[in-house]
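Let's take a short walk through the model together. Keep your viewer open and select each stop as we reach it.

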Amino acid sequence: MPDVKMVNVTIDGHVVTVPDGTLVVEAAKLVGIEIPVFCYHHKLDPVGACRMCLVEISPGPPVAQAGCIRPVADGMVVKTQSAMAVQARADILEFELVNHPLDCPVCDKGGECPLQDFTFRHGYPTSRIDGPRLHFQKPIPLSPNIALDRERCVLCYRCTRYYDEVAWEQELTVAERGVHSVIASQFDQPLTSNFSGNIIDLCPVGALTSRLWRFESRPWDLHHTPSVCSKCAVGCNVTLWQRRGQLVRVTSRENDDIDEGWICDRGRFDYTDVNDPARLRVPAVHGSKTTWAVALNTVADGIKGKGSKLGISLPQDLTNEEAFLFRRLLDGPLRGAKVKMHGRTALPAPSGEQLMIKDIDDARVIIIVASDTENDVPIVNLRVKKAVSKRGAKLIVIHPDAVDLDRHRETVHIRNQPGEAAAEVRKLADHELLHEPGGPVAILYGDGRGSEDAAGLVAACTELAAKVGAKLMPLYRGTNERGSLELGVAGWDSLDGVEALLSWGPPPTAGVPASVKFHAVWDHLPRPEHQNASVVLPATSFAERQGSYTNLEGRVQFLRPAVDAEAPLKESWDVLCELAAALGLPLDYVGIFPIQREAAKAFPALAALAQPPSPEPEPVPVLMGPARP
Amino acid sequence: MADENGNDHDPTPLRRPGEGVPPKPEGEKPSIAGDVAALAGGLKTTLSEFFKPVVTTMYPEEKTPRSERYRGRHYLRRYDNGLERCIGCELCAAACPVGCILVIAAENTDEKRVSPGERYAKTYEINMLRCIFCGYCEEACPVQAIVLGPEYELSDTSREKFIYTKEKLLEPLPPDVEARLNAKGTAVPTPAPLPNPPPQGGRETTP
Ligand code: SF4
Ligand code: SF4
Ligand code: SF4
Ligand code: SF4
Ligand code: FES
């Protein structure tokens, strides 16, 4: 870490010492002073487009200056409450509202809208505007998930800058110029990026809103629960929003170690199955509803003592706790069963020190082997983009097909024959970029969706890492693949020829083998594959689940239920314990915490399980009072 | 005994029997004539009241007049063209101090247009058992959709019937109340219909 010069600034009489180069708005945050912003966002480069952040800065010209583009300097004195600054901000707000529809009552942003808040805190109390306002079609669908309301847009360009800087996409632009500027998708085509949903969180007003959440509720109706996304192995932190027992919205929850406040569209929009009225809720044996005891005894009879004639299909998002209980079943009554996990890569459990996601930021050279990061590990992909475009890292991609990282002009893309990635990695040792990398090297490897020989590829990457002093990151795909690998349940067996099948989660990808005579299903949605199932057990969805996931870098994170699992739905640890009892293995746990403590003791990789953090997020510091002319 | 504020308190806890009864007035001795006079005086008051006009109202056959601002049962209003005023914004529910309003909103489509704007209330329910008739909902409503009418006789035979649904709330207001609300000048005029198809680019209209 290079030494950073610290400077002293005075903001409204508070002296604050910050690293040189900190922006005035950020320095003010440290002492709890609010400088309102629209275009500035701490994850985007400052542009100074909206002038909402005007403050008085001395020494300097006697005009209000934008605090979001001005870095602090030693001895700088910032006044946010001087008459000039206060009036300048109120005037800017008045301009913002000239064409604003102020339809807050029907605006999905109403209640969590910075424009509302700033108008209350920094604006004029009454409006002088009674002229005609600009009107547009309301709303304009930007994609099946996102609606655009041009009337409400304050032209802060956060959305287009995000698309440009962070997502490296060109789908969203500003059409026209000057007062006629409007946000538009390229050629009016629907947005297709896997990262489009983040512009909903970024937009400071109700111009970009979710069409799935459209008019579902007002923000103040919702109960929110901090949780973890269950769609892939990155483990982005999310907030789940619930109203009247329905999961109505998923938003990002900033964790700088993992997601930096971004989530992909799968995590954001793929939640409607939770509220599906067709959800399975009652156990059924041969199509008729029954009690859990009867159903579980039927399952136990069907799968007991089958040895290798029993096949088990595991979901990709089983929690560490479920995996631990399942491991005990595999060690006991279900010994010898064939296990196949959904979404599993062929990569083995990692050994030795691994690269963490946040370390990608500091890498000078990043090598990505055999992984379509955009779809397999989306938020790691954004981290790589940040390291390359904002921190100047060099990027080498080894992949047979075009990938979205090719969009950077300096990306070195080595197109290998499928199956030949290991050979290409071996050749890399002499690559010119790796001669003098000038800093850490990061190697991220996948399994080419099964096209590569994983063992050979891992060996080649480890060899290269040793040669150039790089750190490795295996790119798992299954949500809790890493945790399941560490617990030894992430099987990769073929289920062909089994006589009894327990499909937990979605049906096996290869379909139900024809040899199956007894088929038990444990799923949350009815599916055509359940047609001939002997037993159907209802399962919880990710929004009702408690437990933890281990993400691809080995970090254990806790899921919290946003929606109650209402009886007869049962939590899966409970079901597993009862199934074990029916199979003759007494597993007596009174709740999930004893399971976590026992798993933490038995598996060092899960030590974090013993101390689940408090579910309460840290309180946000209160900002200093209003400044209104 | 003085407490910390300097006030004296009588330490005696309770009164004993007879204590505190005012002493009989001295002087006038009891006499028969005096008693008869007192009786006559009382009867005179009774008789004079008997011939005055009656103030008792024969409820429920007769009703007392209601103040114009009386806050009775709620109504949801409609515009002249029949569209519902309510835009499903839930501001009434947010203002309600007892939380007895449930609004679930939905989006208007060209095929199914319920209210003039983008949004309408798919479900609108008021739990009349909880309502304290404070009128905050009426005050909060940006389009004067929910109003409290003059009816106060809301008895019924089951708790469920006190959950007033949208259907019940949309019953027309008594015409005189509606006329008064319109005459107050607070009424939002029926919004102009949206041009069909709506404009793609900017269009200036008077608000
Ligand atoms: S963007 Fe904010 S100020 Fe504008 S209508 Fe929506 S809630 Fe109101
Ligand atoms: S749509 Fe939202 S984020 Fe984009 S420019 Fe307009 S206000 Fe800013
Ligand atoms: S009158 Fe008061 S208590 Fe009754 S519904 Fe309205 S706001 Fe709630
Ligand atoms: S009655 Fe008025 S305040 Fe309540 S939801 Fe409808 S429009 Fe909003
Ligand atoms: S926030 Fe500073 S100019 Fe927009």
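Strands here are DSSP runs of E with at least two residues, while helices are runs of H or I with at least four, both numbered from the N terminus. Two strands pair if DSSP finds at least two bridges between them. This is a predicted model, in which local features need pLDDT of at least 70 and side-chain atom pairs count only at pLDDT 80 or more, whereas totals for chains, interfaces and linings use all residues. Residues are numbered from 1 along each chain as its sequence is written, with chains lettered from A and ligands numbered from 1 in the order in which they are written.

Start with chain A and colour its strands. You will find an open sheet of 5 strands with mixed pairing, in the order β2-β1-β5-β3-β4. β2 (14-19) and β4 (64-66) of chain A are at the edges with a single partner strand each, so one side of each has no neighbour in the sheet.

Next, select β3 of chain A, residues 54-58: 3 bridges join this strand to β4(A), and the two run antiparallel. Within that pairing, A:V55 has A:Q65 as its bridge partner in β4(A).

Now move to chain B and pick B:K168, which lies in helix α4 (residues 166-169).
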